[in-house]
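Trainee: Could we go through this model together, one question at a time, so that each answer ends on something I can check for myself?

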Amino acid sequence: MAANGENLNAGVDITEVSTPAGQVPAGTGGIGTFIGHLIPWFFVVLFLSYVVAFLVAPTSVLVVQAFTGDHGFTLSYMEGLADYQYALAFENSIILSLASAAVGLVFGGLLAYAILQPGAPKFLRSMVTSFSAVAANFAGVPLAFAFISTLGTLGFVTVFFKHLGIDIYSMGFSLYSLTGLTITYAYFQVPLMLIIITPALEAMRAQWREAADGMGATSWQYWRLVGLPILFPSLLAAFLLLFGNSFSAFATPYALSDGNIALVPIDISNVLSGNVMSDPQVGAALSTGMILVMAVVLVIYSFVARRAARWRK
Amino acid sequence: MNKRLSLFNWGIIALAALFFFVPLAVTGVFSLWQGGSRYGFSAYFLLLNTSGFWASLWLSFRLAVETILLSFFLLVPSMIFVHLKAQWLKPLFEFISNLPFVIPAIALIDGLTTLYTGPAWLISTPNYLVIPYVFLALPYAYRSIDVGLTTLDVKTLTEAGQSLGAGWGRIIFWVLLPNMKAALIGATLLTLTIVMGEFTFASVLLFHTFAVFINDTGQNAITEAAALSLFSFLITWLFMLGVLITGRRNPANLGGAH
């Protein structure tokens with residue numbers, strides 16, 4: 001039977017490969033069946049072991065380390081996160097993530113809405129969507145340098161404004177501040193928002209708007225009473241994803257500020273690289289704090305996302 | 001209904017066009033600057049003759065390919081099996097595929113360096129990076145393969161293969177994988193994009209990948225760094241174009257490593 005099967009298969013495929021001697025077709029009974037059942041489990045166990053060894057174990061070690069001092073269990077390192085320096089890093093990271101998520105939400109949402117209008121030219125729509133896929137993935141070091149060339153102290157736009165008599169740096173702007181980072185992050189947050197929210201906007205049915213119009217609703221009433229309530233879970237879910245995306249960003253702020261801005265990921269890297277004199281436990285506590293924030297954000301996200309799916313087929 | 005875009009919508013589109021185009025254009029102009037008012041391609045020629053450029057580009061590319069191979073090796077057989085015979089494991093797999101979102105790269109590398117201080121053959125070569133890179137790629141690879149599997153009638157295909165006497169290896173390589181081509185190509189290109197631009201792991205572990213090379217260049221040669229940034233944007237563009245062409249609109253294709 002099995003040999004017959006091999007031949008049939010060889011007849012279908014043009015280039016034949018020899019079957020490894022050890023390979024036993026499933027369903028031949030006896031020891032063959034046994035091995036046939038074992039091989040798939042081998043791969044499942046392999047994958048799970050990989051995850052445990054290189055993701056779960058390192059993370060657990062960090063968490064344990066964050067709570068272990070010279071004399072066993074201690075909360076001193078986690079409490080140390082309240083020290084001015086680290087509290088500032090967490091505060092900055094959270095402010096930056098909230099601000100850049102808000103900017104992404106508003107502008108990404110409006111842009112997605114604009115290009116989905118029936119009156120928008122088709123080529124514009126596909127251009128914006130494909131550019132978004134690129135920009136959402138264009139980040140890190142190159143993005144930082146693109147913005148340094150643009151809005152840095154010697155950037156073209158900065159110099160251009162200076163020629164017009166406007167010195168944006170003396171007006172308090174700096175690319176290397178939270179404001180500057182928020183603007184830089186917008187380069188990947190806005191397109192990411194557009195990609196995330198487009199399915200939800202497409203699921204808004206034209207009939208809802210027509211029904212509202214038919215009953216004499218103004219555009220504002222339609223959005224306040226129908227549109228936004230329906231979109232709310234999707235918008236909240238998107239906001240949380242954008243928040244997380246910004247909160248864990250490391251390469252962009254590092255390249256932009258050369259490691260000199262108080263953000264949690266930057267502080268962790270400074271501990272890791274030995275740039276600052278501090279115990280490894282401090283780094284572990286910072287990492288643990290970061291994971292906690294991300295876990296809370298994603299747990300809320302998973303609840304909200306389930307609600308958001310209600311209006312989609 | 002009004003079939004034309006309102007002024008407000010045009011305003012938003014124009015503002016976005018300005019915001020997204022200006023940094024690219026400026027970076028392009030900057031890369032051509034040769035001091036004073038002279039412009040030319042000298043930054044590009046300089047780069048082509050820098051050994052670090054080719055070495056780091058090749059290293060990042062090699063790591064990306066290794067990451068893709070390892071991810072598929074770990075995911076494809078086990079996911080096919082879970083899909084067919086062990087659906088009860090699916091929630092666990094889904095949970096794992098989302099873990100990399102919860103554990104930021106910088107925290108993961110902190111944990112990895114704490115836990116593994118040897119053996120030297122593992123942690124002293126750039127290949128070590130492939131281990132965490134698999135997790136960077138995991139959410140996207142998982143979702144692409146999952147989409148590929150759910151749109152296929154895996155059960156019928158597998159049973160057909162088995163009744164013809166094919167073993168698991170043959171079914172996977174000759175029946176299932178060819179049918180999941182689009183999904184796999186999407187995941188491959190996305191992984192390429194992410195790994196080619198990855199900075200966090202490589203910079204902490206002090207390996208000279210492409211993103212680290214760009215950062216080092218930027219410390220003293222800004223026009224070269226601008227040229228590299230533009231080049232890196234073009235790479236991203238190229239790969240994402242491939243993603244868009246092969247996989248229709250696939251929600252798996254989001255985000256990257258920032």
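Predicted model: local features only at pLDDT ≥ 70, side-chain atom pairs only at ≥ 80, totals over all residues.

Trainee: What separates the C-alpha atoms of L228(A) and F303(A)?
Mentor: Along the chain, L228(A) and F303(A) are 75 residues apart.

Trainee: How many helices and strands does chain A have, and what percentage of its residues is buried?
Mentor: Chain A has 13 helices and 2 strands. Among its contacts with a separation of 6 or more, residues 24 or more positions apart account for 72%. Of the 313 residues in chain A, the buried ones make up 39%.

Trainee: How does the secondary structure of chain B read along the sequence, and what percentage of chain B counts as buried?
Mentor: Chain B comes to 13 helices and 0 strands, so that its pattern along the sequence is α-α-α-α-α-α-α-α-α-α-α-α-α. Its C-alpha atoms fill a box of roughly 75 × 70 × 35 Å along the principal axes, and 79% of its contacts between residues at least 6 apart in sequence join residues at least 24 apart. Of the 258 residues of chain B, the share that counts as buried is 48%.

Trainee: Which helix of chain A gives the most to the side that touches chain B?
Mentor: The contact between the chains takes 84 residues from chain A and 76 residues from chain B. By class, the chain A side has 59 nonpolar, 23 polar and 2 charged residues. The element that gives the most to that side, with 17 residues, is helix α2 of chain A, residues 30-66.

Trainee: Within chain A, how many residues does each domain give to the contact between domain 1 and domain 2?
Mentor: The domain assignment gives domain 1 as 2-66 and domain 2 as 77-311. On the domain 1 side there are 3 nonpolar, 2 polar and no charged residues. The contact takes 5 residues from domain 1 and, from domain 2, 9 residues.

Trainee: Are α10(B) and α13(B) roughly parallel or antiparallel to each other?
Mentor: Helix α10 (residues 181-196) and helix α13 (residues 222-246) of chain B pack at an angle of about 165°, with their axes 9 Å apart. Angles over 145 degrees count as roughly antiparallel. The two helices, α10(B) and α13(B), are therefore roughly antiparallel.

Trainee: What is the handedness of the crossing of α10(B) and α13(B), and which classes of residue make the contact?
Mentor: α10(B) passes α13(B) in a left-handed crossing. Residues of the contact include I185(B), L189(B) and L192(B) of α10(B), and F239(B), M240(B) and V243(B) of α13(B). By class, the contact divides into 10 nonpolar, 5 polar and no charged residues.

Trainee: Why is S56(B) buried, and which residues is S56(B) in contact with, leaving aside its neighbours within four places in sequence?
Mentor: S56(B) is found in helix α3 (residues 51-85) of chain B, and it is buried because 23 other C-beta atoms lie within 10 Å, where 20 or more are required. The C-alpha atoms of S56(B) and F210(B) are separated by 4.6 Å, although the two residues are 154 apart along the chain. Leaving those neighbours aside, the contacts of S56(B) are H208(B), T209(B), F210(B), V212(B) and F213(B).

Trainee: Where does D258(A) lie, and is D258(A) buried or partly exposed?
Mentor: Most residues other than glycine have a negative phi. Phi of D258(A), however, is near 55°, a positive value, and D258(A) lies in the loop between α11 (251-257) and α12 (264-272) of chain A. With 14 C-beta neighbours inside 10 Å, D258(A) counts as partly exposed.

Notes. Residues numbered from 1 in each chain as written. Chains lettered and ligands numbered in written order. Contact = placed C-beta atoms within 7 Å. Helix = DSSP H or I, 4+ residues; strand = E, 2+ residues; numbered from the N terminus. Nonpolar A, V, L, I, M, F, W, Y, C, P; charged D, E, K, R; others polar. Domains from an automatic or database assignment. Axes fitted to C-alpha atoms, helices over the stretch in contact; angles between N-to-C directions. Parallel < 35°, antiparallel > 145°, perpendicular 65-115°, else oblique. Left-handed = near helix turned anticlockwise from the far one by under 90°. Buried ≥ 20, exposed ≤ 12 C-beta atoms within 10 Å, placed from the backbone.
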